[in-house]
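Subject: Handing over the model

Hi there,

Here is the structure I promised to pass on to you. Have a look at it first, and then read on for what I found.

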Amino acid sequence: MNPPNLSVYGIPNCDTVKKARTWLTEQGRAFTFHDFKKQGVPTPELDHWLDTLGWEKLLNRQGTTWRKLDAATQATVRDTASARALLLSQPSLIKRPVVDWGEAATPRYSVGFKADDWAAARSP
């Protein structure tokens, strides 16, 4: 059964987000898309992701945005509060996509996209 509240958060021109959205569509999974660039980062969700997933998993240290930051700014990120402030000010630093699989009984989230992992984790 297709969870009714599947949500994908990210940036539409991100290659990984494009692949994830295509994969979900090919699997017949309905979803809503939240565009960080147009809609901003939803702070209640960000706080929940930080609590559930941890800031280390959400912060994309491999991307261009991180590499463009000066070393002093990078060094300020050392805990949840400092990561939260930076993620809110620069949404491109959030590893993408963040997916809320819409499972109310036992909420499940993922960050990033690997088709094999998503296929293996799919609910029956």
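Predicted model: local features only at pLDDT ≥ 70, side-chain atom pairs only at ≥ 80, totals over all residues.

**The α3 and α7 pair**

Let me start with helix α3, residues 43-53, and helix α7, residues 80-89: their axes come within 11 Å and cross at roughly 145°. The crossing in which α3 passes α7 is right-handed. On the α3 side the contact is made by T43, L46, D47 and L50, and these meet T80, R84, L87 and L88 of α7. Sorted by class, the residues in this contact of α3 with α7 are 4 nonpolar, 2 polar and 2 charged.

**Helix α3**

Which residues of α3 are buried? They are L46, W49, L50 and L53. Around the axis they cover an arc of only 100°, so they sit on the same side of α3. P44 and D51, on the other side of α3, are exposed.

As for partners, the buried residues of α3 pack against β1 (7-10), α2 (36-39), α4, α7, β3 and β4.

H48 also has its place in helix α3. With a relative accessibility of 34%, H48 counts as partly exposed; the cut-offs for that class are 20% and 50%. If you want a distance to check in your viewer, H48 and V77 are 29 residues apart in sequence, and their C-alpha atoms are 18 Å apart in space.

Just after α3 comes G54, with a positive phi of about 95°. Most residues other than glycine have a negative phi.

**Helix α7**

At the N-terminal end, α7 is capped by D79, which places a side-chain oxygen 3.3 Å from the backbone nitrogen of A81. In α7 the buried residues are S82, A83, L86 and L87. Looking down the axis of α7, you will see these buried residues within an arc of 130°, so they line one face of the helix. A81 and S89 are exposed, on the face of α7 that is turned away from the buried side. Packing against the buried residues of α7 are α3, α4 (55-58), α5 (64-68) and α6 (71-75).

L69 belongs to the loop between α5 and α6. Its relative accessibility is 13%, so L69 counts as buried. Leaving out residues up to four places away in sequence, L69 touches Q74, L86, Q90 and L93. One of these, L86, is a buried residue of α7. L69 and N5 are 64 residues apart in sequence, with 35 Å between their C-alpha atoms.

S110 is in strand β4, residues 109-111. Is S110 buried or exposed? At 13% relative accessibility, S110 counts as buried. The S110 side chain makes a polar contact of 3.0 Å with that of W101. Not counting residues up to four places away in sequence, S110 touches P97, V98, V99, W101 and W118.

Most peptide bonds are trans.

**S7 in β1**

S7 has its place in strand β1. With a relative accessible area of 11%, S7 is buried. A polar contact of 3.2 Å links the side chain of S7 to that of T32. Residues up to four places away in sequence aside, S7 touches T32, V98, V99 and D100. V98 and V99 are also among the residues touched by S110.

A115 counts as partly exposed, at 29% relative accessibility. Although A115 and W23 are 92 residues apart along the chain, their C-alpha atoms are separated by 7.3 Å.

Happy browsing, and do write back with any questions.

Best wishes

Methods:
Residues numbered from 1 in each chain as written. Heavy atoms only, no water. Axes fitted to C-alpha atoms, helices over the stretch in contact; angles between N-to-C directions. Helix = DSSP H or I, 4+ residues; strand = E, 2+ residues; numbered from the N terminus. Left-handed = near helix turned anticlockwise from the far one by under 90°. Contact = heavy atoms within 4.5 Å. Nonpolar A, V, L, I, M, F, W, Y, C, P; charged D, E, K, R; others polar. Buried < 20%, exposed > 50% of the residue type's maximum accessible area, 1.4 Å probe, protein only. Arc of directions from axis to C-beta. Polar contact = N/O pair within 3.5 Å; in protein donor to acceptor, adjacent residues only side chain to side chain.
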